[in-house]
Amino acid sequence: KQWYQRRVRGLLCCSLPGTPTSESVIERFSKLTKLHVNNISINSWSEVSKLRWFPCLNDVRMVHWDLFGDMNDEERRLILGALLPTISLINGAEIRDRGNAERWYMRRCTKNPSIREDQRLAELEAEHGV
């Protein structure tokens with residue numbers, strides 16, 4: 001289990017010793033469509049946003065992540081839907097209204113700066129207006 005967690009964390013962080021560069025990770029996993037990862041310690045939303053590097057990724061299953069804290073399923077789905085624009089399934093549930101998820105995320109960032117991922121927030125503000 002620990003080996004697997006280190007590999008996934010390395011996949012997202014690309015900062016562990018002996019971890020390939022982000023360019024080589026993107027190349028090696030360019031056709032990745034599904035990712036199921038449970039019980040992992042990812043400590044920032046910018047690390048989650050790195051899943052955007054994988055252009056074919058459209059189905060993710062993520063549970064028991066420390067980063068989610070006490071968020072309920074709907075909140076997790078909304079934040080992930082806003083941060084990961086190519087994802088169509090999160091934990092088996094379809095993203096039906098991405099625009100709603102993106103606007104919810106923008107509002108939530110003003111109330112809870114800990115979920116703020118600056119690059120994606122700037123993109124959403126440009127798209128939806130401030």
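## Report on a predicted protein chain

Leaving aside neighbours within four places in sequence, Cys-56 is in contact with Ser-30, Lys-31, Leu-32 and Thr-33, where contact means heavy atoms within 4.5 Å. The model is predicted, so that local features need pLDDT of at least 70 and side-chain atom pairs count only at pLDDT 80 or more, while totals for chains, interfaces and linings use all residues. Residues are numbered from 1 along each chain as its sequence is written, and side-chain values use heavy atoms, with hydrogens and water left out.

Cys-56 lies in the loop between H3 and E2. Cys-56 and Lys-34 are separated by 22 residues in sequence, but their C-alpha atoms are 8.6 Å apart in space.

**Overall organisation**

The protein chain contains six helices and four strands; helices (H or I, at least four residues) and strands (E, at least two) are DSSP runs, numbered from the N terminus. Along the sequence, their pattern is α-α-β-α-β-α-β-β-α-α. Of the 130 residues in the chain, 41% count as buried, a term for a relative accessible area under 20%, with exposed meaning over 50% and partly exposed the range in between (1.4 Å probe, protein chains only). Among contacts with a separation of 6 or more, 61% are accounted for by residues 24 or more positions apart. The chain exposes about 7,600 Å², of which carbon and sulfur atoms supply 48%.

**The nonpolar core**

The largest nonpolar core has 33 residues, and those with the most contacts inside it are Trp-45, Ile-79, Leu-80 and Tyr-105. Such a core is a set of buried Ala, Val, Leu, Ile, Met, Phe, Trp, Tyr and Cys residues joined through side-chain atoms within 4.5 Å. At least two residues of this core come from each of strand E1 (34-38), helix H3 (45-49), strand E2 (59-63), helix H4 (73-83), helix H5 (98-111) and helix H6 (118-128). Beyond residues up to four places away in sequence, Leu-80 touches Trp-45, Val-48, Met-62, Phe-68 and Ile-90. In soluble globular proteins, nonpolar side chains tend to be buried together.

**The packing of H4 and H5**

H4 and H5 pack at an angle of about 100 degrees, with their axes 8 Å apart. H4 is therefore roughly perpendicular to H5, a description used for angles of 65 to 115 degrees. H4 contributes Glu-75, Leu-78, Ile-79, Gly-81, Ala-82 and Leu-83 to the contact, and H5 contributes Arg-98, Asn-100, Ala-101, Glu-102, Trp-104, Tyr-105 and Arg-108. By class, this contact has seven nonpolar, two polar and four charged residues.

| Residue | Relative accessible area | Class |
|---|---|---|
| Arg-120 | 5% | buried |
| Ser-49 | 8% | buried |
| Asn-91 | 26% | partly exposed |
| Cys-56 | 36% | partly exposed |

Arg-120 is found in helix H6. Ser-49 has its place in helix H3. With neighbours within four places likewise set aside, Ser-49 is in contact with Leu-83, Leu-84 and Glu-117.

Asn-91 is found in the loop between strand E3 (89-90) and strand E4 (93-94). The phi of Asn-91 is near 55 degrees, a positive value in a residue other than glycine. Most residues other than glycine have a negative phi.

Key:
Axes are lines fitted to C-alpha atoms, for helices over the stretch in contact, and angles run from 0 to 180 degrees between N-to-C directions. Angles under 35 degrees count as roughly parallel, over 145 as roughly antiparallel, 65 to 115 as roughly perpendicular and the rest as oblique. Ala, Val, Leu, Ile, Met, Phe, Trp, Tyr, Cys and Pro count as nonpolar, Asp, Glu, Lys and Arg as charged, and the others, Gly among them, as polar. Accessible areas come from the Shrake-Rupley method with a 1.4 Å probe; for residues, only the protein chains shown count as cover.
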